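Student: I would like to learn how to read contacts, helix packing and cores in a model such as this one. Could we go through them one feature at a time, with the general idea ahead of each case?

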Amino acid sequence: MDEETLAIFQAEADSLVESLEAGLLALQDRPGDRALIDQVFRDLHTLKGTGGMFGFTELAGFVHGFESAFESLRSGASLATPSLVAVSLKAHDHIVALLAGEAPQGAETLLAELAAAVSGAVGPDAEPKQDLWEEDLPVLNAPSMAAPPVPPPTQPMPAAAEPVTPQAHPAAPSVQAAAVAAQPATPVARSEGVSAPAGGLIRIAASRLDEMMDRVGELVIAEARLAEIAAQSGLPALVSVTEDIQRLATGMRDAAMSIRMTPLSSITGRFRRLVHDLSAQLGKPIDLAIVGEETELDKTVVEQLAEPLMHLIRNAADHGFEDAETRVRLSKPATGRLTLTARHSGTEVLIELADDGKGLDAARIRAKAIERGLLAPNAEIAPADLLRLIFAPGFSTAEKLTEVSGRGVGMDVVRRTVTDLRGRIDLSSEPGQGTRVTLRLPLTLAIIDGLLVEVGGERFIIPLAAVEEIVELADRTAGSEGSSRLLNIRGRLVPYQALRDLLATPGDPGPFQKVVIVTAGESRMGLVVDRIIGSNQTVIKQLSPLHSGLKTFSGATILGDGSVALILEISGFSVPAKIAFPTESRRAEVPA
Amino acid sequence: MTLSRATAPTGSGRLDVVTLRLGQDALAIRAEVLREVLEPVAVTRVPGASEFCAGLVNVRGTIVPLADLRVPLDMPREELGPDARILVLDLPLAGRPAVVGIVADAVHEVTRIEREALQDVPAVGTRWPPQFVEAVAELGGGIVMLPDLPAIFDVHLAGLAGSRHNASGPAPKAEPKPD
C-alpha cells in the first residue's frame, strides 16, 4: 500500500474513532437513543470495512468482535448500561492504539468483557449475533436508517475520489460529534457549509485554504487600488465596473472566510471524554455542560484552544471540586457542575469555563507566591491580580502531585497560548461558590472591515466591528492635553482620549477633530482622530516578532496606495490608566 | 541559523559579502542573506516600538520591519544620505524564517573576502559593542566590519520578551554589559 493510500485510510479511521467516541459518550446520557446506537454501529462497521480493505486484519477482527457485541444493543432488546459504555470506551482506546501501530494487549479480554457487559444488560438468552460480515448489510440499508447507507466493505475505494458517507469524512466527525452530543433540542449543529448534506462535502488540505486566503487578500488590496484610480479618473464606465469588482471581491472574501470558520464543537468531543475519565479517575461525579458549541472561530484558533482548555478542565476537576461527601455536607449537589460557554462579544470571542467547586484559596495563593518569591511578603495586591498569579510558570498550590495535575505546568500553557493568540484571561472566584476562567480571544480573521483614520498625517485602521459611532469633537482643544475626558453621548458619559497622545504622534491636531466611539469588552471609549478617511476592507498581516509584543496593534495592512498602515487593537486601549507606551523602558532594552 | 555556522573566522575559502556604508563605517553583510536592495520607500512609524526597529515598509506586498543597525552598534544617528538604500534580508527571528530590512547610507558592491583575512574584533580601540561584531577585515585599503546580525536580533527579541511577560516576576534582562 502506498503512502498516499495509507494517509487516506488514517484520516478516515481517525475521524471514525472520534465519531465513535462521541457516540459512546452520548450513549451514557441517552442509553435508549436508537439513532445514537445506529451511529455507533455504523462507525464500527465502516471502520471494520475500511480496516479489512486496507489490510489491517487485526483491527478488522477486533472491530468485528466489538460490533458483534453491539449487535444485540442495536436489535433493541437491550440498553447501553454505564458498564457497557465504560468497556466500550476501553475497546475504543484499543482501536486507537491499533491504528497508531502499537501492539496493545488484551484484545481477547476486552471482547469477553464486552460480551459479558452486553449479556448482563440484556439477559442470558440474547447471544450476540456472530459473523456479521455480510448479512448485516441489508439491515444497514433498511429505510429506518437515519443516515445514508454505508458502502459495503468489499467495495474498492477509488484512491482519488472522496468517501461519500458522512462518517468517513474528516469534516464530518465534528458534525457528527456535535449532532450526537448536543442536547435533543438541537439535533444537529447546523453550522453553515459544514453540515451540508453528505454528498456536498469535500476534503481540502489546509494549506490550499491558506493559499486561497492569501490570494483573496491580494485581490482585496488590488481592488482598493483600482477603486482609487477609478475615483480619480471620473470615468463612469470605469467606476461602474470597479463597483462590480468590489462587490465580487467582498463576496469572495466572505466566502473564503466562512470556509475557515470552525465551530467550537469540533474540539468539544474530547472534553466530554476527558471529564468522563477524570470523573472516574478522581472518584468525583462531574457533569460537563457545553453552551454555544456552534460558536465559530478561525480554524487555527480553535485548534490551538484545545490544549489550554484541557488543562483548565483537568485543573478544575482535580483542584476545583470537592469530593462528593464534602459537597453533600455543604448542601451542594453531589455532582459537580462544569460549564463551558462560548459566545461572541464585539470583536472578541469569549470562552468561559466555570465550576461550582470550592473556589480559589486566595490566602494559599498568596503564601505560595511569597514562598516562590513572586510577591513581597507585605505586598499589597489587588485580589484579581493575586488570583492571576496561578498562571505563572511552575506555580501550583497543590500539596501533592496527582496523576491529573499539580505540576504547575498547565496554567502556564494556558497563559502562553492565550497570549500567543493575542487574547486575555480573566479570572474570578468566589470561596465556596466556584471559579470562572474567561478567555477573551480576538476573532483574528484574515480580513476585516476597517475604518481608516488619520492622526497627524499618519493613517491607522480601527476595526469597524468595534466602532459604535463617530461624533464631532466640539471643544477642539480638549483632545490635546492627554488627560482622559468625558463625552456625553445621549445621556451616557463616555471617556475619550486623543489618539495622538496615545500614539505619541508628532505635530499639532487638525482643526476638525472627530471622536470615534469604540467598544472593547464591556466598556466604551472615545478615540480622538484628525480625520476619518473612510471604511475599507483590511487584509490583516501579522506583525513580525519584532513588533508582535505591542498590545496596541493587532497587525498591519497595505493600503490602496501601497503604504503600510497599522491596525489598532482596541482592547489594548481599554484600560486608559495604563496605556502609557513604555518607550523609555523599551529603549533601555535595546542594546546601545 | 545560517549565519552562525561560520562565525569563527577559520577555514579556507572566500566569503561573498555585500559592502555598504552606514554613517562613517564600512560594513559587510553576507550575500547569502541578501534578498534585494531597494530605493528608499515610505516608512510607516510604529508607535511604541524600539528605536532599533521603529518602522514598517511594504516590500512587494509583504510588510517588512525596518531596522537601524546604528542603534545597537552605538553609532550616531544622522539623516540618511542621498544614496540611502534599504537592504532586504532573510534572517531568522525567534527561530523562524523572516524578512527584515536594514537601512544603509549607501550600498557599494558584492565582493569576496578571504576567510583568512577575517579577524576577531580587537578588545580595545573599537567603538562597536564587541558582542555584535562577528569579524573585521581589511578590504580595499580600509576596514570593513561584519555585524553579527543573529546576535543583534536575538538580543533585541530577548529584551522584548522580557518586558512583555513581566507578570511572572522580574524578567531576565538580556541586555549585554557594555564594555
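Tutor: Let us begin with contact, which means heavy atoms within 4.5 Å. This is a predicted model, in which local features need pLDDT of at least 70 and side-chain atom pairs count only at pLDDT 80 or more, while totals for chains, interfaces and linings use all residues. Residues are numbered from 1 along each chain as its sequence is written, chains are lettered from A and ligands numbered from 1 in the order in which they are written, and side-chain values use heavy atoms, with hydrogens and water left out.

Student: Which residues does A:Glu454 touch, not counting residues up to four places away in sequence?

Tutor: A:Glu454 touches A:Arg459, A:Val529, A:Asp530, A:Arg531 and A:Ile533 under that exclusion. The residue sits in strand S8 (residues 447-455) of chain A, where strands (E, at least two residues) and helices (H or I, at least four) are DSSP runs numbered from the N terminus.

Student: Is A:Glu454 buried or exposed?

Tutor: Buried means under 20% relative accessible area, exposed means over 50%, and partly exposed lies in between, with a 1.4 Å probe and protein chains only. A:Glu454 has a relative accessible area of 18% and therefore counts as buried. A:Leu353, at 5% relative accessibility, is buried as well; this leucine is found in strand S5 (residues 348-355) of chain A. For the chain as a whole, 50% of the 592 residues of chain A count as buried.

Student: What does A:Leu353 contact once its neighbours within four places in sequence are left aside?

Tutor: Its partners are A:Leu312, A:Ile313, A:Leu338, A:Thr339, A:Leu340, A:Thr435, A:Arg436 and A:Val437. A:Leu353 also lies 9.9 Å from A:Leu427, C-alpha to C-alpha, although 74 residues separate the two in sequence. Across chain A, among contacts with a separation of 6 or more, 66% join residues 24 or more positions apart.

Student: How is the packing of two helices to be read?

Tutor: Axes are lines fitted to C-alpha atoms, for helices over the stretch in contact, and angles run from 0 to 180 degrees between N-to-C directions. Angles under 35 degrees count as roughly parallel, over 145 as roughly antiparallel, 65 to 115 as roughly perpendicular and the rest as oblique. In chain A, helix H10 (residues 265-282) packs against H11(A) at about 20°, with the axes 10 Å apart, and the two are therefore roughly parallel. Helix H3 (residues 57-74) and helix H4 (residues 82-99) of chain A pack at about 160°, also with axes 10 Å apart, and are therefore roughly antiparallel.

Student: And what is the handedness of each crossing?

Tutor: A crossing is left-handed if the near helix is turned anticlockwise from the far one by less than a right angle, and right-handed if clockwise. H3(A) passes H4(A) in a left-handed crossing, whereas H10(A) passes H11(A) in a right-handed one.

Student: Which residues make the contact of H10(A) with H11(A), and how do they divide by class?

Tutor: On the H10(A) side they include A:Phe271, A:Leu274 and A:Leu278, and on the H11(A) side they include A:Leu305, A:Leu309 and A:Ile313. The contact has 13 nonpolar, one polar and three charged residues, where Ala, Val, Leu, Ile, Met, Phe, Trp, Tyr, Cys and Pro count as nonpolar, Asp, Glu, Lys and Arg as charged, and the others, Gly among them, as polar.

Student: Which residues have the most contacts inside the largest nonpolar core?

Tutor: A nonpolar core is a set of buried Ala, Val, Leu, Ile, Met, Phe, Trp, Tyr and Cys residues joined through side-chain atoms within 4.5 Å. The largest has 46 residues, and those with the most contacts inside it are A:Leu297, A:Leu305, A:Leu309, A:Leu338, A:Ile351 and A:Leu439. H11(A) gives the most to this core, with nine residues. Apart from it lies another core of 37 residues, among them A:Met257, A:Val518, A:Leu568 and B:Val46.

Student: Where is A:Ser331 placed, and what is its phi?

Tutor: A:Ser331 lies in the loop between helix H12 (324-329) and strand S4 (336-345) of chain A, and its phi is near 50°, a positive value in a residue other than glycine. At 67% relative accessibility, A:Ser331 counts as exposed.
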